[in-house]
Amino acid sequence: MKPHSSLRRDILWAVAAILLLSALPMLTQSRVALDFVIRLAALGIFASSLNILVGYGGMVSFGHAMFFGSGAYVFGLLLQKTETSIPLAFLGAIAFSGLLGLIIGAICVRLKEIYFSFLTLAFQMLIHSVILTWTSLTGGDQGLMGGIPRPPFFGLNLADHTSLYFFACVICVLSLLLMRVILQSPFGATLRMVRDNAERAAFLGIDVWRIKLYAFVFASCMASVGGVLMALFVSGAFPDFAYWTMSGDAIFMIMMGGLHVFTGPLVGAGLLLLFNDVITRTTQYHGLALGLAVLLFALGFKRGMMDFCIELLRKIIRKGDQP
Amino acid sequence: MNPQALFECFSSASCIVTQMGTGLIIGSLLFLVAAGLTLIFGVLGIVNFAHGSFYMLGAYLVLTVYKLTGYYAIAVVTAGIGVGLFGLLFERFLMRRVYKADVLMQLLVCYAVVLIMDDIVKIFWGAEFLSMGMPEAFQAPPFFVAGGVVPVFYVYLIGAAILIALALWAMLTFSRLGKIIRAAAQNPTMTSALGVNTSLIYAAVFAFGGVLAGLAGGLAAPVRSMSPGMGFSILIESFIVTVIGGMGSVSGALLGALMIGLIRSFGTIGFPLFVEGLMFLAMVLILILRPNGLLGKETRT
């Protein structure tokens, strides 16, 4: 496959996705449907960014939610405490999270497997407890209260629900496109090589530590984009954004959707959101229902939905090839 | 933040004794939970995220059995055996199916069990905080050491933990089963090639871990309040303990548990809101200095 044709195809997909998503508000005025898409955009970016580490880099981070949280908090704080415009606050949130990712990543990516996982978990809990403790800045366990101001910019008013919807869709599609392009680039190929055989990569003169760190920083930045969208949606930021359950959910999304397909995490995010919405409405034993579903999935399916679909598709195509 | 209070505490013997007592019981409980966790990791290379639920189940079992029989000792032993059985079933019916799967799949299965157990506890015991109260046998006036207060039950708890730790050490060092477990931890393929039924050993290790966690839950019941989320907080703390000590090392778990226990009890005085943060800070520092933990060996791949 030529790189150019693949890039053109991805851009076509992105344009198609934006067109399709813009059609939705014309079809339905239901707030529930639009809200669902906005939440999906935020969590889809977040889960996909984690998959850069887990699926493409082989680094199982248990603490990715700290960057989701840092994005939401920095964005909210910049708008609440200063006169920053939304685009600047957005960039500020990404820059801060990238810097945080650089510092934490520099320490973590040296460690192997399970120790990497635990150290990221530890940093996440550290950040979570800083958010809880620094009450004067973050509002402690109440979160950033009082709403985040949304001054209009470039003629776009995000206080309007439909505008927020469009904004979230465009940001989501662009972020996914960016991640896709970078993962298809030589850098992405190197990252996959490091995942499969770090020693061989090192023999070929690749600085393994540096590649992993770049991936970590990039994933942190993208996670913060998800956090910003979520902060815009709920008009606030809460300590739960940086809590381990958030990371756990993201891991589950990846696994449910499939970590070997680029859109897997997005599909997983949609499935988990849908599932959560349905069970909170039907039963008070949310954990029991979710747990049984997870068990069924982990012991029955043993792979993500998208992995499963692609396998099925390949089988069908192969059958078609035979005379 | 009040480092001044911490400084004052260090200069008074009574405060040191009181806080040492608290630190030691936290450390004892943590050690029992973490020992099982680290044993399971050492032998199977699996991180049992459901270990906190074992502990929780132990505490609730003690609550019920104590109410029924009135004997605390019987309740604790029942909890140990009951949770051991639970660990056995957990291994046979769930974990065994994902040994060969991705680490993330194992994580998911454990995560599911945590969610399910929390809700099962809610169904049987309710979602409210419950407390068992101190059994009558221990309702004696506390000891006074150098002006510091040490409740009678603390002494029993620490004593019980020491006894269990000694039994565990003796079992691992001298018994045939212990030798097989250590061999399986070092080289599972070789062990099974020598004719040892490793599948059975795996089940035994999970049952052991369950017994230890159940006993810990049982010993914690009189001094801790119980709620469906209690498994998770102890889980995170025992993770820190095992990581600090080195995954797979039982003596490392002991060292880590004592450290975390003391950090918790003294940290509450100096930095009441940042105790969690302090523990994680300790773990981060140790992992940076010694990436495999204090007593950990090179990681097995």
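Predicted model: local features only at pLDDT ≥ 70, side-chain atom pairs only at ≥ 80, totals over all residues.
Student: What stands out just after α13(A), at A:K302?

Tutor: Just after α13(A), A:K302 takes a positive phi of about 65 degrees. Residues are numbered from 1 along each chain as its sequence is written, and chains are lettered from A and ligands numbered from 1 in the order in which they are written.

Student: What makes the 21 Å between the end C-alpha atoms of α13(A) agree with its 16 residues?

Tutor: Helices are DSSP runs of H or I with at least four residues, strands are runs of E with at least two, and both are numbered from the N terminus. The expected span of a helix is 1.5 Å times one less than its number of residues, so the 16 residues of α13(A) should span 22 Å, and the 21 Å between its end C-alpha atoms agrees with that.

Student: Which residues of α13(A) are called buried, and what do they pack against?

Tutor: A residue is buried if 20 or more other C-beta atoms, placed from the backbone, lie within 10 Å of its own, exposed if 12 or fewer do, and partly exposed in between. In α13(A) the buried residues include A:L288, A:L290, A:V294 and A:F297, and the buried residues of this helix pack against α11 and α12 (264-282) of chain A together with α5 (103-125) of chain B.

Student: Why is B:L287 called buried?

Tutor: B:L287, which is found in helix α12 (residues 275-289) of chain B, counts as buried because it has 22 C-beta neighbours inside 10 Å. Contact requires C-beta atoms, placed from the backbone, within 7 Å; leaving aside neighbours within four places in sequence, B:L287 is in contact with A:L111, A:Y115, A:L119 and B:V243. The C-alpha atoms of B:L287 and B:I244, 43 residues apart along the chain, are separated by 7.2 Å.

Student: How many residues of chain A are in contact with chain B, and which element gives the largest share?

Tutor: 31 residues of chain A are in contact with 32 residues of chain B. On the side of chain A that touches chain B, α5(A) gives the largest share, 12 residues.

Student: Why is α5(A) described as largely enclosed?

Tutor: The description follows from burial, because 16 of the 21 residues of α5(A) are buried, and the helix is therefore largely enclosed by the rest of the structure. From its first C-alpha to its last, α5(A) reaches 30 Å, close to the 30 Å expected at 1.5 Å a residue.

Student: What makes the radius of gyration of chain B agree with a compact globule?

Tutor: The globule rule is 2.2 Å times the number of residues to the power 0.38, with the radius taken over C-alpha atoms; for 301 residues a compact globule would have a radius near 19 Å, and chain B, at 19 Å, agrees. Buried residues make up 52% of chain B, and residues 24 or more positions apart account for 76% of its contacts with a separation of 6 or more.

Student: Where in chain A is confidence lowest, and where is it highest?

Tutor: The mean pLDDT of chain A is 87, with 98% of its residues at 70 or more. Within chain A, the lowest mean, 76, belongs to helix α14 (residues 305-321), and the highest, 94, to helix α10 (residues 208-234).

Methods. Contact = placed C-beta atoms within 7 Å. pLDDT = per-residue confidence, 0-100.
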